Amino acid sequence: MMMTSPRAPLSCTALELLDRARASLLSACHADTIAGRYVEAHLAALRAAAALLAARSRPSRRSQLRSVWEVLPQVAPELTEWAVFFAASARRRAALERGSAGPGAREADDLLRQSETFFELVQGTLGLPMSRPLPELAAVAGRQAASRQSATRQICDTTICDVT
């Protein structure tokens, strides 16, 4: 019978980054603008990837700064396609933060769904259980964005932002 050693506990840094990723997903669901939704969704994925790197990688003596999306495939090869996808959305996010024209609602909604899926994959990769549904306060925040509510609800009813 083969014995496996238990996983080492996750660092506080990794857990904090996962909490921040989850908060960004919630912020994306309730963003007042489409561009805000896109930026927050991307930040959620970035923070989830950073949590995985914090949990799995060791500090390097390299002085060259590298993107999380460049390092992720080396640390978690099974997430290479996600790294490529989010590297492309990082360029779009940077342009939005510089004031470029925003994405369409569908593009922002798609990124939100992809970010949530990625967040869940990272949790699973780290051996963590799936997140609990958000507290009832999410429903109150969702009502404040009435002009976007029906479009957002289509996404959020089946994702992390479940407000029903």
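A charge is said to sit over a ring if NZ of Lys or CZ of Arg is within 6 Å of the ring centre and within 35 degrees of the ring normal. In this predicted model, the charged end of Arg92 sits over the ring of Tyr38, at 6.0 Å from the ring's centre.

**Aromatic residues**

- Seven aromatic pairs are found when the whole structure is searched, and one of them joins Trp82 and Phe85 in an edge-to-face arrangement, with 6.5 Å from centre to centre and 85° between the planes.
- Trp82 and Phe85 both belong to helix 4 (residues 80–97), where they are three residues apart, or about one turn of the helix.
- Trp82 has a relative accessible area of 17% and is therefore buried, because buried means under 20%, whereas Phe85 counts as partly exposed at 36% relative accessibility.
- Trp82 and Phe85 are also members of one aromatic cluster, which they form together with Trp69, Phe86 and Phe118.

**Packing of helix 2 and helix 5**

- Two packed helices are described by the angle between their axes and the distance between the axes.
- For helix 2 (residues 34–56) and helix 5 (residues 105–125), the angle is about 15° and the axes are 8 Å apart, so the two helices are roughly parallel to each other.
- Their crossing is left-handed, and the residues that make the contact include Tyr38, Ala41, His42 and Ala45 of helix 2, together with Leu111, Leu112, Ser115 and Phe118 of helix 5.

Key: Residues are numbered from 1 along each chain as its sequence is written. This is a predicted model: local features need pLDDT of at least 70, side-chain atom pairs count only at pLDDT 80 or more; totals for chains, interfaces and linings use all residues. Side-chain values use heavy atoms; hydrogens and water are left out. Rings of Phe, Tyr and Trp (its six-membered ring) pair if their centres lie within 6.5 Å; planes under 30 degrees apart count as stacked, over 60 as edge-to-face and the rest as tilted. Helices (H or I, at least four residues) and strands (E, at least two) are DSSP runs, numbered from the N terminus. Buried means under 20% relative accessible area, exposed over 50%, partly exposed in between (1.4 Å probe, protein chains only). Axes are lines fitted to C-alpha atoms, for helices over the stretch in contact, and angles run from 0 to 180 degrees between N-to-C directions. Angles under 35 degrees count as roughly parallel, over 145 as roughly antiparallel, 65 to 115 as roughly perpendicular and the rest as oblique. A crossing is left-handed if the near helix is turned anticlockwise from the far one by less than a right angle, and right-handed if clockwise. Contact means heavy atoms within 4.5 Å.
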